[in-house]
Amino acid sequence: MRFLVIGGCGFLGRHIVDELLSRGFPVNVFDIRSTFDDGRVKIFLGDLCKKEDLMPALEGVSAVIHCATPPPLSNNRALFHKVNHDGTLNIIACCKEAGVKRMVLTSSASVVYEGSDIKNGVETMPYASKPMDYYTETKILQEKVVLQANSDDFYTVAVRPHGIFGPRDPHLVPTTVRTAQAGKMKFMIGNGENLVDFTFVRNVVHGHILAAESLGPGSKVNGKAYHITNDEPIYFWTFLSKILVGLKYDAPKRHLPFTFIYFLALILNLFVFLLKPIKDIKPTFTPMTVCLAGTHHYYSSEAAKKDMGYRPIVSLDDGIEETIRSFSHLSKK
Ligand SMILES: NC(=O)C1=CN([C@@H]2O[C@H](COP(=O)(O)OP(=O)(O)OC[C@H]3O[C@@H](n4cnc5c(N)ncnc54)[C@H](OP(=O)(O)O)[C@@H]3O)[C@@H](O)[C@H]2O)C=CC1
Ligand SMILES: CC(C)CCC[C@@H](C)[C@H]1CC[C@H]2C3=C(CC[C@]12C)[C@@]1(C)CCC(=O)C[C@@H]1CC3
C-alpha cells in the first residue's frame, strides 16, 4: 500500500513518513516546502489547494494521510479557510479522481473545545458552537467534509490528537522557551491543577497508521473520528515545568488568577484586531492559549482502543525525556 503524506515535511508529517518507511511502506510526500531529503521518498512540492499540483502525487497511491495546515497559532483566517476547508475539498475530489481508496485526516481534539473544562471528553461531544479561533473554526469544517465524504468506495477517518509534543516540534517547546527567555514564564495561569492531554508524537503516528490499516469495506472506523492521546492526563503547568527545568529554565512558582489573565487576553485580542490593518501582531497570550493553560481538557481514547486496538507506545515520561534531549540546543546558556 503506497501512502501519500500531505504535509509530510511538517512536524507530525515527517514523523509519519519516518515510521511508514521503517515499516516498509512506499511513501510519497506532498508539501508546500521541502525540509528533508531521503532517497526512499518521492517528494512533490506544491499547494494542496491546486489540483494540478496534487494529482501527480496521487499516482499509484492507495492511502492518503492529510496532516497539512497553516501554523495553528498564525490566526490568519483567510489562509485557514483556503487551506483547511477549500484545500481539503480539493484533496477529496483529487483522491476520488485518482482512485485513492483511503483517507486519514489529522483533525484535532480542539474541535469540541470552546474554553470550558472538558474532562475525559468523548468523540460524540458536539462540535464547538463558538470556536475560540479561526484555526479551530476551520478544523471543524475540515473534519465535517472528510467524514461526510466517506462512502463504499472511498473510506475516510479522522484522528484527533491533542497537544502533540516531541522532537522537531515547532510550536509547543519553542514557544514555551521563547516565553521563558522573555521573562514571561514566572507565573502560572490559574491554580496549576488543570489536567490536560499532551501526546507524544510517535503515539500520534501509531494512531494514524492503525487508522489507515483499519479502513476498508464494512470497517467500524469508516466515517468516524477518534481521539488519540497518551492516556496520561497531566497538570498543564507540571508538564511545562518538566520541559522548562529539563532545559535549565526556572519553573513558574507563583499563580495569577485565570479570570484576570483571560480578561487581559480579551483586551489584547481587541487591540490586535484594531491594529491589524497597520501591524500584524501575534501575541502568545491569546484567549485560546490562556484557556488551554488554565482549564481541564483531556479526552478518552477508549473508542480507538476498542475499534482499532490503539495503545500508546511511548509513555509520557519517556516522551518528555526524549523531547528534552532533542531540544538541548534550546537549553538555557
Ligand atoms: N501540533 C499540535 O499540537 C496539534 C496538531 N494537530 C494537527 O496535526 C497536523 C500537523 O500539525 P503540525 O505537524 O504541528 O503542523 P506543521 O505546521 O508542523 O506542518 C504542517 C505542514 O503542512 C504544510 N502546509 C501548509 N499549507 C500547505 C499547503 N497549502 N499545501 C501544502 N502543504 C501545506 C506546512 O508548510 P508551512 O510550514 O510552510 O506552512 C507544513 O509543512 C495539522 O493538521 C494540525 O491541525 C492536531 C492536534 C494538535
Ligand atoms: C505561553 C504559555 C501560556 C503557553 C506555552 C505553550 C503553548 C504554546 C502550547 C500549550 C498547549 C499547546 C497546544 C497547541 C499549540 C501550542 C500550545 C498552545 C495547539 C493549539 C496546536 C494545534 C491543535 O490542534 C491544538 C493544540 C492544543 C494545545
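**View 1. Helix α6 sits largely enclosed by the rest of the structure, because twelve of its 14 residues are buried.** Welcome to a predicted model, which we visit one close-up at a time. Helix α6 covers residues 201-214 and reaches 20 Å from its first C-alpha to its last, close to the 20 Å expected at 1.5 Å a residue. The buried residues of α6 are V201, N203, V204, V205, H206, G207, H208, I209, L210, A211, A212 and S214. Just after the helix comes G216, with a positive phi of about 160 degrees.

**View 2. Seven strands form an open sheet with parallel pairing.** Reading across, you will meet them in the order β3-β2-β1-β4-β5-β7-β12. At the edges stand β3 (41-45) and β12 (225-228); each has a single partner strand, so one side of each is left without a neighbour in the sheet. On average, and with direction ignored, neighbouring strands here are turned by 20 degrees against each other.

**View 3. Strands β2 and β3 run side by side in the parallel sense.** Five bridges join β3 to β2, which spans residues 27-31. For a handy landmark, look for F30, whose bridge partner in β3 is F44.

**View 4. A search for disulfides across the whole structure finds zero.** C67 is in no disulfide, and its nearest cysteine sulfur, that of C9, is 9.8 Å away. With a relative accessible area of 14%, C67 falls under the 20% cut-off and therefore counts as buried. C94 is likewise in no disulfide; the nearest cysteine sulfur to C94 belongs to C95, at 7.2 Å. C94 is buried too, with a relative accessible area of 1%.

**View 5. Residues 256-275 carry a "transmembrane region" annotation in UniProt.** The label comes from an unreviewed entry, so do keep in mind that such annotations may be inferred rather than shown by experiment. In the model, this span is 90% helix and 5% strand. The C-alpha atoms at the ends of residues 256-275 lie 27 Å apart.

Conventions. Residues are numbered from 1 along each chain as its sequence is written. Chains are lettered from A and ligands numbered from 1 in the order in which they are written. This is a predicted model: local features need pLDDT of at least 70, side-chain atom pairs count only at pLDDT 80 or more; totals for chains, interfaces and linings use all residues. Side-chain values use heavy atoms; hydrogens and water are left out. Two strands pair if DSSP finds at least two bridges between them. Helices (H or I, at least four residues) and strands (E, at least two) are DSSP runs, numbered from the N terminus. Axes are lines fitted to C-alpha atoms, for helices over the stretch in contact, and angles run from 0 to 180 degrees between N-to-C directions. The expected span of a helix is 1.5 Å times one less than its number of residues. Buried means under 20% relative accessible area, exposed over 50%, partly exposed in between (1.4 Å probe, protein chains only). A disulfide is a pair of cysteine sulfur atoms within 2.5 Å.
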